[in-house]
There are 2 protein chains.
Amino acid sequence: MLEIRAATEAEHDAIWDIFHAIVAAGDTYAFELEMSRQEGLAYWFRADTRTYVAENDGRVVGTYILKPNHAGAGSHVANAAFMVAPDTRGLRVGRRMGEHCLGEAQRLGFRAMQFNFVVSTNEAAIRLWKRLGFNIVGTLPGAFQHPEKGYVDVYIMFRSLL
Amino acid sequence: MLEIRAATEAEHDAIWDIFHAIVAAGDTYAFELEMSRQEGLAYWFRADTRTYVAENDGRVVGTYILKPNHAGAGSHVANAAFMVAPDTRGLRVGRRMGEHCLGEAQRLGFRAMQFNFVVSTNEAAIRLWKRLGFNIVGTLPGAFQHPEKGYVDVYIMFRSLL
């Protein structure tokens, strides 16, 4: 049974384990590889950010954040980021968190959701976001330096919530 | 004679005057309208940011920032933002700062430059960036709430520096 709920300080260790593994792999996020635990958690728990965890049988297997993509006159568009524990398979954690996130964003009154940086080689993520109604609305040529594939394109994905 | 150079603390007042006027107008940037001087200057002088001023006859008439658009594997793409004093006309401050910025970005080894949030009603800016070699690579539907025009599209603009 996968339960998705707001994160608390009790999950900091579990979140950092996932965060660190994803960032160290270096093939999906444009973070500093040597980002510290403190920096990582500060980013994941910013003041303007809601942080969630997906728990399966008492173990945190995924986490996501939801926030305004911009302030002021851009704050009606949400942004979100997702991380799934690398050793988790078959639980559809990404899909379940994605659906939960869209529901939360709608509940909070956002009019749309935007992903600013979807690496084009991350095919599973792109497939998932398309299935959840997102479109590619922009392509940034060579904007990500993939650890094996070199400079690859990055997509901007967008979905109305109205 | 327009001189463009790195900003110092001596220009904080002049920069804030411009910043505040641009943000208060509310038709080009997605900042909180009630952003404080401290918050504004903190944003304009972040650790990863280079800050410049354009000075005309001893008066600061424009300012721009240049920084990596993302960290880590996205840090080869630069991002920049520009502000020109509203009462400045005929000095081509925007164009001169844009050219200066592209030169600086090349000198610093960036491979490309990206603007994440060009409001589609800001026609003078779009015309200028196109003239300086930028293309619209993405359109964000209704992503900016214009104070008079309501929800308007936002463009992502991109230019190779290679």
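**Questions on the predicted model**

Trainee: What covers the buried residues of α2(A)?
Mentor: Helices (H or I, at least four residues) and strands (E, at least two) are DSSP runs, numbered from the N terminus. Buried means under 20% relative accessible area, exposed means over 50% and partly exposed is in between, with a 1.4 Å probe and protein chains only, while contact means heavy atoms within 4.5 Å. In this predicted model, what covers the buried residues of α2(A) includes α1 (12–25), β2, β3 and β4 of chain A.

Trainee: At what pLDDT do side-chain atom pairs count?
Mentor: Residues are numbered from 1 along each chain as its sequence is written, and chains are lettered from A and ligands numbered from 1 in the order in which they are written. Local features need pLDDT of at least 70, while totals for chains, interfaces and linings use all residues; side-chain values use heavy atoms, leaving out hydrogens and water, and side-chain atom pairs count only at pLDDT 80 or more.

Trainee: Within what arc do the buried residues of α2(A) fall?
Mentor: The buried residues in helix α2 (residues 37–44) of chain A are A:Gly40, A:Leu41 and A:Trp44. The arc is that of the directions from the helix axis to the C-beta atoms. Seen down the axis, these buried residues line one face of α2(A), because they fall within an arc of 90°.

Trainee: Which backbone oxygen lies 2.8 Å from a polar atom of the side chain of A:His76?
Mentor: A:His76 lies in the loop between β3 and β4 of chain A, and it is buried, with a relative accessible area of 9%. Leaving aside neighbours within four places in sequence, its contacts come from both chains, among them A:Phe110, A:Arg111, B:Phe144 and B:Tyr151. The backbone oxygen at 2.8 Å from a polar atom of the A:His76 side chain belongs to B:Gly142.

Trainee: How far from the ring centre of A:Tyr151 does B:Arg111 lie?
Mentor: A charge sits over a ring if NZ of Lys or CZ of Arg is within 6 Å of the ring centre and within 35 degrees of the ring normal. The charged end of A:Arg111 sits over the ring of B:Tyr151, 3.7 Å from its centre. B:Arg111, in turn, lies over the face of A:Tyr151, and its distance from the ring centre is 3.7 Å.

Trainee: Why do the rings of B:Phe19 and B:Phe31 count as they do?
Mentor: Rings of Phe, Tyr and Trp (its six-membered ring) pair if their centres lie within 6.5 Å; planes under 30 degrees apart count as stacked, over 60 as edge-to-face and the rest as tilted. Over all chains, 28 aromatic pairs are found. In the pair of B:Phe19 and B:Phe31 the centres are 5.5 Å apart and the planes lie at 25°, so the pair is stacked.

Trainee: How many residues in sequence separate B:Phe82 and B:Trp129?
Mentor: B:Phe82 and B:Trp129 are both buried. B:Phe82 lies in strand β4 (residues 77–84) of chain B and B:Trp129 in helix α4 (residues 123–131) of chain B, so the pair ties together parts whose separation in sequence is 47 residues.

Conventions. Polar contact = N/O pair within 3.5 Å; in protein donor to acceptor, adjacent residues only side chain to side chain.
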